[in-house]
Amino acid sequence: MATAEKPVMMVAVDDSEHSTYALEWTLDHFFTPYTPNHPFKLLIIHAKPSPTTAVGLAGPGVAEVFPMVDSDLKKIAARVVEKAKEICNSKLVNDAAIEIVEGDARNVLCDAVERHHASMLVVGSHGYGAIKRAVLGSVSDYCAHHAHCTVMIVKRPKTKH
């Protein structure tokens, strides 16, 4: 008798506190050491911006700046992934798969959901208001409307003063 593979839960990470909180929250609620037979296969994914989107498409000196920007973006991606691994290890989750994919986070996440047949996508929320969300766009909002799986948006609790 063949065993069915576990459904894939993807957690999107970037260099924000919101993303870190979402990963920690997910590990605390779905991957506790008290449930050794986790219900999901965990995939952590980071969308690394492409150097062209960070620099822009044209202008004098772009060719000279491009390699430095690309190097910086790779360092940031490595740092984000290393932090995610440390968080997983601290929560005794040692079997998470990790992927870095270059591109706009909205497209990277929705494409990865399709490619891995993910059952759930977890993203952090920056808590933008309506105006900022309209101007800056919202990865979580985009994924909630376009990803072909359940999307869980994890919000950090507001701090009381």
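1. Let's start with confidence. In this predicted model, confidence in the protein chain is highest in strand 1 (residues 8-13), at 98, and lowest in helix 5 (residues 130-136), at a mean of 48. The score used here is pLDDT, the predictor's confidence in each residue, from 0 to 100. Over residues 131-136 the pLDDT is below 50, and beyond near neighbours in sequence this stretch has 6 contacts in the model, a contact being heavy atoms within 4.5 Å. Where pLDDT is low, the predicted coordinates should not be read in detail. The protein chain as a whole averages a pLDDT of 86, and 83% of the residues score at least 70.

2. A word on how to read the values. Residues are numbered from 1 along each chain as its sequence is written, and side-chain values use heavy atoms, with hydrogens and water left out. Local features need pLDDT of at least 70 and side-chain atom pairs count only at pLDDT 80 or more, while totals for chains, interfaces and linings use all residues.

3. Next, the overall layout. The protein chain holds 6 helices and 5 strands, which are DSSP runs numbered from the N terminus (helices: H or I, at least four residues; strands: E, at least two). From the N terminus on, their order is β-α-β-α-α-β-α-β-α-α-β. Among contacts between residues at least 6 apart in sequence, 76% join residues at least 24 apart. Of the 161 residues, 37% count as buried, meaning under 20% relative accessible area with a 1.4 Å probe, protein chains only (exposed is over 50%, partly exposed in between).

4. Finally, helix 1 (residues 17-30). Which residues of helix 1 are buried? They are S19, T20, A22, L23, T26 and L27. These residues cover an arc of only 160 degrees around the axis, so they lie on the same side of helix 1; the arc is that of the directions from the helix axis to the C-beta atoms.
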